[in-house]
Amino acid sequence: MTKREFKKAVDTEKISGLSQPKSFMRNEEDSKHWDDYSEAIAKEQENYEQVLYSVAVEPSLKEAIQVAGKNRGRVKGGAKSIVRDAMTSYFKKHPELFD
């Protein structure tokens, strides 16, 4: 008897468009400032280059982001655009974090 071959239940091939975060938050010798990141973010938004970054938040905050995203609408970017706007606004207010 030969060994039966089974199909994979889950495709383990790398999904295009998703990748591990680059060294965005890595402490490198040539430190970047917020302006450098802001410029790179603007270029990446033009090309739709995005990465996933997981963050643990309180359930109420997650729900608030989801509700606000739903009210903003998918066409306007939804929850993703709310989080992006919040993060870029925070970094604009605190550029000293990159010094």
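**Close-up views of a three-helix predicted model**

View 1. Leaving aside residues up to four places away in sequence, S81 touches R72 and K76 (contact: heavy atoms within 4.5 Å). S81 belongs to helix α3, residues 78-93 (helices are DSSP runs of H or I, at least four residues, and strands are runs of E, at least two, numbered from the N terminus). The S81 side chain reaches the backbone oxygen of K76 at 3.3 Å. With a relative accessibility of 6%, S81 counts as buried (buried is under 20% relative accessible area, exposed over 50%, and partly exposed in between, with a 1.4 Å probe and protein chains only). This is a predicted model, in which local features need pLDDT of at least 70 and side-chain atom pairs count only at pLDDT 80 or more, while totals for chains, interfaces and linings use all residues. Residues are numbered from 1 along each chain as its sequence is written, and side-chain values use heavy atoms, with hydrogens and water left out.

**View 2. The salt bridge between R72 and D85.** R72 forms a salt bridge with D85, the closest N and O atoms being 3.2 Å apart (salt bridge: a side-chain nitrogen of Lys or Arg within 4 Å of a carboxyl oxygen of Asp or Glu). Because R72 lies in helix α2 and D85 in helix α3, the pair ties together parts that are 13 residues apart in sequence. Both partners are partly exposed, R72 at 33% relative accessibility and D85 at 38%.

**View 3. The salt bridge between E39 and K43.** A search of the whole structure finds two salt bridges; one of them joins E39 to K43, with the closest N and O atoms 3.6 Å apart. These residues are four apart in helix α1 (residues 34-47), so about one helical turn separates them. K43 is partly exposed, at 49% relative accessibility.

View 4. Y53, V55, V57 and L61 make a nonpolar surface patch of about 410 Å² (patches are made of residues with over 30% relative accessible area and no salt bridge, like charges being joined within 9 Å and nonpolar side chains, Val, Leu, Ile, Met, Phe, Trp and Tyr, within 5 Å; areas come from the Shrake-Rupley method with a 1.4 Å probe, and for residues only the protein chains shown count as cover). L61 is found in helix α2, residues 59-72, and is partly exposed at 39%. G73 follows α2 and has a positive phi, near 100°.

Notes:
A polar contact is a pair of N or O atoms within 3.5 Å; within protein, one must be able to donate a hydrogen and the other to accept it, and residues adjacent in sequence count only if both atoms are side-chain atoms.
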